Amino acid sequence: MSVYKITALRIGTLYADKHPLTMGRGFGEPYTTPIWSTAIEGNGIKALVDTGIHDVEWVRQTVGAEYRVTQEEDETMQGALAKIGWTTDDVQIVINTHLHYDHAGCNYLFKNAIFYAQRIEWEYSYNAIENQKLYYAPFLYDWSAVRYTSWKMLDGECEVRPGIVCIPAPGHTPGSQAVLVSTEEGVVCIGGDAINLPENINENVLPNIIYNCEAGFHTLEMIRNRADRLMGGHDGAIQKYQTSGFPRIN
Amino acid sequence: MKTYKVTAIKMGELIVDKGSLTRNKDTGKKIVIPVWAAAVEGNGLKILVDTGIHDPAWVRAHICECTQSEDETLEKVLEKLGWSAKDVDIVINTHLHYDHCGNNKLFKNAKFYVQKTEWEAGINPLPHQADIYLSELFNRKAVNTTNYVLVDGEYELEEGIVLMPTPGHAVGHQSVLVNTEEGVVCISGDALNLLENITENILPNILTDSAKAYKALEDIRRKSEFVIPGHDPGIEPYMTTGFLKIHGCFKDPKVL
């Protein structure tokens, strides 16, 4: 069985409330919200799940008016990759869990990569519901960032490589997907925003940025049955460059 | 990432009303337009996108004014490219109107890629398009039909080549995205006849579905950087670089 090493890359921090991450909880409770990208390495493959934000100033001006955004030197995509000895040209595979600005921001950097997203996420991004329009910036993933011939638009589950599987994880957005990665500690689910925090999956709490609640609960149940550990999209308890000991799924 | 060389090939000229190319714009003006097809080569493959007209006299008798110089027959063009018909591995028809599949019969060793919905529209056309489909150009009289691959939706033909549905001008129209050294070139067929269709968001006037035709223009805008429209005089025969730029005049996406 192929196993991989995964590394948490921090691509900046949002200083927001907790409630966007946990429906019905955390109103007015400040939460230091990391923006995670995840590096996957092994079996001759360098892959990345999500690409963070492209420009902290753009985030401040466009979506971050009501909260603070920071990015340290080793939290730019290039800075974070340098810490693990990668360059942008080394990355062969980029998987976007979804196309929100904080998950597809640096797609444009990866000139040698094949990109994976769910086709319905691409379509939805151009016709998002009113309260999600703000999160989609097509120039981060359309022709101006990625050659369309480099995309694999998925219509459902896909084994990217043995031990790396994209599974549809709708709820947060209609075309969200999660990535299951086989590691020495078991199957780690890189949850994107289908699961922001272990609390979502262990206490069955939806994210509060939500397109469809029923689909969201189904996603949580499916991942509880398929993964041993969780790399949540915005889990503040995970450490920069953490490679093991990811939170267990109960 | 695999790249290919794209060559624009001219299959003759038509004289049509400009208004047939640009809905409600320039009606009553005659315009001479080229008929484009394209040769795609690379990674061991020889691919044709569309095969032009079979006989200018038939076009004059049934459709509109038409000329084809001696060096614009597909046989001569293949010669000029250094190809022979038997070497062509793949033929893609953007759609099955007479001026896009006229020479399918020449390619005995090729696989033909057409959207399934277009094949069905071709043999059972809508009444207002019955005169521009000539089934003998693409059915068993022209091609060993076991060589057809009837595609259902977006399809990655090879690494670096994507067939994408762009219906609206014809029921099952598709366009071809090709990765080249310069960027992604869209061989659009008649999803746009002229560059101005996409830069000014003006539909062609030969239509089966207006809403789908607008969506087709939008999809091409999202996915490609350059275009070879089906009939644009701004393309030169045997061009291989510097195809028409889609962006920069209609709505400038924010540049990184």
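Reader: In which sense do strand E1 and E2 of chain B pair, and over how many bridges?
Author: This is a predicted model. In it, strand E1 (residues 5-17) of chain B pairs with E2(B) in the antiparallel sense, over 11 bridges.

Reader: Which residue in E2(B) stands opposite Val16(B)?
Author: Ile31(B) stands opposite Val16(B).

Reader: In what order do the strands of the open sheet in chain B run?
Author: The order is E4-E1-E2-E3-E5-E6-E7, 7 strands with mixed pairing. Strand E4 (65-67) and strand E7 (148-151) of chain B are the edge strands, each pairing on one side only. From one strand to the next, the twist averages 25°.

Reader: Where does helix H3 of chain B pack?
Author: Helix H3 (residues 116-123) of chain B packs on the sheet and touches strand E6 (111-115) and E7 of chain B. The direction of H3 makes about 85° with that of E6(B).

Reader: Turning to the largest nonpolar core, how many residues has it?
Author: It has 140 residues, and Ala38(B) is one of those with the most contacts inside it. Strand E2 (residues 30-42) of chain B gives the most to this core, with 7 residues.

Reader: What does Ala38(B) touch?
Author: Leaving aside residues up to four places away in sequence, Ala38(B) touches Val6(B), Thr7(B), Ala8(B), Ile9(B), Val49(B), Ile187(B) and Ile228(B).

Reader: And in chain A, is Glu57(A) buried or exposed?
Author: Glu57(A), found in helix H1 (residues 56-62) of chain A, is exposed because 12 other C-beta atoms lie within 10 Å, and a residue with 12 or fewer counts as exposed.

Conventions
Residues numbered from 1 in each chain as written. Chains lettered and ligands numbered in written order. Predicted model: local features only at pLDDT ≥ 70, side-chain atom pairs only at ≥ 80, totals over all residues. Helix = DSSP H or I, 4+ residues; strand = E, 2+ residues; numbered from the N terminus. Buried ≥ 20, exposed ≤ 12 C-beta atoms within 10 Å, placed from the backbone. Core = buried A, V, L, I, M, F, W, Y, C linked by C-beta atoms within 7 Å. Contact = placed C-beta atoms within 7 Å. Pairing = 2+ DSSP bridges. Axes fitted to C-alpha atoms, helices over the stretch in contact; angles between N-to-C directions.
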